Amino acid sequence: MNTWRNASLVATAAALLALTTACGQDQGAQSPNGQTVGNAAPAQGGYGNGDAYGSGDGYGDAKDAGTAKAKPAGQLATWDSKKLGQVLTDSAGFTMYRFDKDTAQPPKSNCDDACLKAWPVVPADGAKAAPGVDQSLLGEVTAADGTKQLTIDGWPMYRYAMDTKPGDAKGQGVGGVWYAAGPDGKKASPAAAQPADLAGLSTRKDPKLGEIVVDKNGMTVYRFLKDSAWPIKSNCVDTCAENWPAVAPVAKNDTKGILKKGFMTYNRPDGGKQQTINCWPVYTYSGDKKPGDTNGQGVGGTWYAASPEGKPVGAPK
């Protein structure tokens with residue numbers, strides 16, 4: 001009787017062992033939500049030696065990034081890049097980035113868990129604004145991994161796993177959606193770095209719009225769809241003209257990359273004089289606060305940045 005009972009217990013134990021092995025016990029038990037618990041193998045790769053920056057003070061390989069907690073940003077700073085303009089960095093000098101698929105109003109991070117391995121969040125705790133930037137622009141949003149992520153003017157901030165030393169900006173333009181951030185959370189802009197070197201009218205390469213016209217201060221130049229080119233006529237007057245100041249006349253030899261055909265001065269209805277490109281009156285926008293801003297793009301479905309040929313960039317056909 002005891003022999004039969006012992007054999008039964010052995011068989012039962014074997015069955016339970018087979019069952020638990022089939023359920024993944026040999027690699028750690030599974031919780032109801034599918035996350036491995038128990039004796040799971042430690043994560044491989046990642047930031048290296050438990051340091052948030054990994055070997056060489058960098059994030060290491062993007063494909064091999066792990067889940068170590070990122071170092072706090074601390075006192076934010078900027079460095080001047082001839083190519084990118086003023087670039088925002090953390091206290092260690094690592095470039096910060098923003099993601100075009102995120103939103104600033106309301107703040108929302110759309111970089112999921114897999115994305116965060118290559119683009120680790122910048123923690124919000126203890127971050128201080130770069131010199132000359134209002135601390136009130138700094139905020140936070142909850143990232144996909146639960147981290148309280150730093151936002152600047154609503155935009156979530158990230159570092160890039162492939163940046164291995166201060167001054168690197170290898171994430172610039174990745175996928176056409178990742179860009180180095182400026183000190184105010186907007187995209188870093190070369191026009192903002194050296195406006196004094198610009199001609200009366202010239203062009204700059206905007207990450208979203210392509211080649212657009214800027215004035216001598218680096219401010220974006222716009223076209224109004226309700227104007228006409230022949231006869232030349234501006235239909236932006238009174239209050240409109242206050243919000244959309246006319247570009248003052250510019251000498252042809254004080255331009256760079258601008259179409260010279262139809263480059264003439266227009267006598268406005270209010271008595272002022274306005275520059276035209278290809279006979280189209282051009283303007284700046286009062287809502288643009290600094291070089292590189294394009295806040296006027298698409299306003300009212302009638303205002304668009306001007307191309308070097310005077311065409312409205314991005315306007316419906």
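## Strands and pairing

Two strands pair if DSSP finds at least two bridges between them. Strands are DSSP runs of E, at least two residues long, numbered from the N terminus. This is a predicted model: local features need pLDDT of at least 70, side-chain atom pairs count only at pLDDT 80 or more, and totals for chains, interfaces and linings use all residues. Residues are numbered from 1 along each chain as its sequence is written, and side-chain values use heavy atoms, with hydrogens and water left out.

Three strands make an open sheet in the order 6-7-8, and the pairing is antiparallel. Strand 6 (138–142) and strand 8 (155–156) are the edge strands, each pairing on one side only.

How many bridges join strand 7 to strand 8? There are 2, and strand 7 covers residues 148–152. Ile152 has Trp155 of strand 8 as its bridge partner.

## The disulfides

A disulfide is a covalent bond between the sulfur atoms of two cysteines. The rule here is a pair of cysteine sulfur atoms within 2.5 Å. It gives 2 disulfides. In sequence order, the bonded cysteines of the protein chain pair 1-2, 3-4.

Cys111 and Cys115 have their sulfur atoms 1.9 Å apart. Their link is left-handed, with -100 degrees about the S-S bond. For Cys236 and Cys240, the sulfur atoms lie 2.0 Å apart. That link is left-handed too, with -110 degrees about the S-S bond.

## Buried cysteines

Buried means under 20% relative accessible area, exposed over 50%, and partly exposed in between (1.4 Å probe, protein chains only). Cys111 and Cys115 are both buried. So are Cys236 and Cys240. Cys279 has a relative accessible area of 14%, so Cys279 is buried.

Methods. Helix = DSSP H or I, 4+ residues; strand = E, 2+ residues; numbered from the N terminus.
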